[in-house]
Amino acid sequence: MAAEAGSGGVVKHILLARFNEDVAPERLDQLIRGYAGLVDLVPSMKAFHWGTDVSIENMHQGFTHVFESTFESTEGVKEYIEHPAHVEFAKEILPAMEKILIIDYKPTTVNNS
């Protein structure tokens with residue numbers, strides 16, 4: 001099943017992270033609140049969710065946190081990446097991360113009928 005072509009349509013921006021061991025819980029909380037705050041600063045960012053790994057399969061490869069941002073298009077993701085608020089926040093959060101993986105995708109609904 002091929003992904004939708006073109007740049008329009010909802011795009012999910014997924015960031016998987018493992019934070020450095022020396023990042024204090026208070027600092028981690030501050031960083032997560034800062035990340036969530038981008039939704040109010042970057043117009044193309046429509047929603048933000050996050051969580052920590054709770055899988056029993058132990059296949060997380062060291063990633064402990066997942067952050068999901070929603071955009072209306074790939075252009076919206078580009079605007080987010082280039083937005084001054086995101087650029088400044090990235091300078092703050094990236095040094096706190098030991099490992100990171102980012103994937104952007106267009107959700108596809110499967111109709112089995």
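**Close-up views of a predicted model**

**View 1. Helix H1 and its buried side.** In H1, the buried residues are Leu28, Leu31, Ile32, Tyr35 and Leu38 (buried is under 20% relative accessible area, exposed is over 50%, and partly exposed is in between, with a 1.4 Å probe and protein chains only). Look down the axis of H1 and these buried residues fall within an arc of 95°, so they line one face of the helix; the arc is taken over the directions from the helix axis to the C-beta atoms.

A word on the model before moving on. This is a predicted model, where local features need pLDDT of at least 70 and side-chain atom pairs count only at pLDDT 80 or more, while totals for chains, interfaces and linings use all residues. Residues are numbered from 1 along each chain as its sequence is written, and side-chain values use heavy atoms, with hydrogens and water left out.

**View 2. What H1 packs against, and its length.** The buried residues of H1 pack against strands S1 (8–19), S2 (45–52) and S3 (65–73), plus helices H2 (74–82) and H3 (84–93). Contact here means heavy atoms within 4.5 Å, and the elements are DSSP runs numbered from the N terminus, with helices being H or I of at least four residues and strands E of at least two. H1 covers residues 25–41, and its 17 residues should span 24 Å at 1.5 Å a residue; the end C-alpha atoms sit 25 Å apart, which agrees. The expected span is 1.5 Å times one less than the number of residues.

**View 3. Helix H3, seen the same way.** Ala85, His86, Phe89, Ala90 and Ile93 are the buried residues of H3. They take up an arc of only 130° around the axis, which puts them on the same side of H3. Over on the other side, Pro84 and Lys91 are exposed. The packing partners of the buried residues of H3 are S1, H1, H2 and S4.

**View 4. The largest pocket.** About 170 Å³ of space lies in this pocket. Of its 13 lining residues, His13, Leu15, Tyr80, His86 and Ile102 are the closest to the centre. At least two lining residues come from each of S1, H2, H3 and strand S4 (97–105), and H3 gives the largest share, 4 residues. On a 1 Å grid over the protein atoms alone, a pocket is an open set of points where a 1.4 Å probe fits, with protein on both sides within 12 Å along at least five of seven lines, and lining residues have an atom within 4 Å of a point.

View 5. Phi is near 55° for Asn58 and near 55° for Gln61. Most residues other than glycine have a negative phi. Asn58 counts as exposed at 59% relative accessibility, and Gln61 is exposed too, at 61%.

**View 6. Pro107 after S4.** Pro107 sits in the segment after S4 and is partly exposed, with a relative accessible area of 36%. Pro107 and Gly9 are 98 residues apart in sequence but 8.9 Å apart in space, C-alpha to C-alpha. Leaving aside neighbours within four places in sequence, Pro107 is in contact with Val10 and Lys12.

Definitions and conventions:
Grid points are joined across faces, edges and corners, and a volume is the space filled by probe spheres set on the points.
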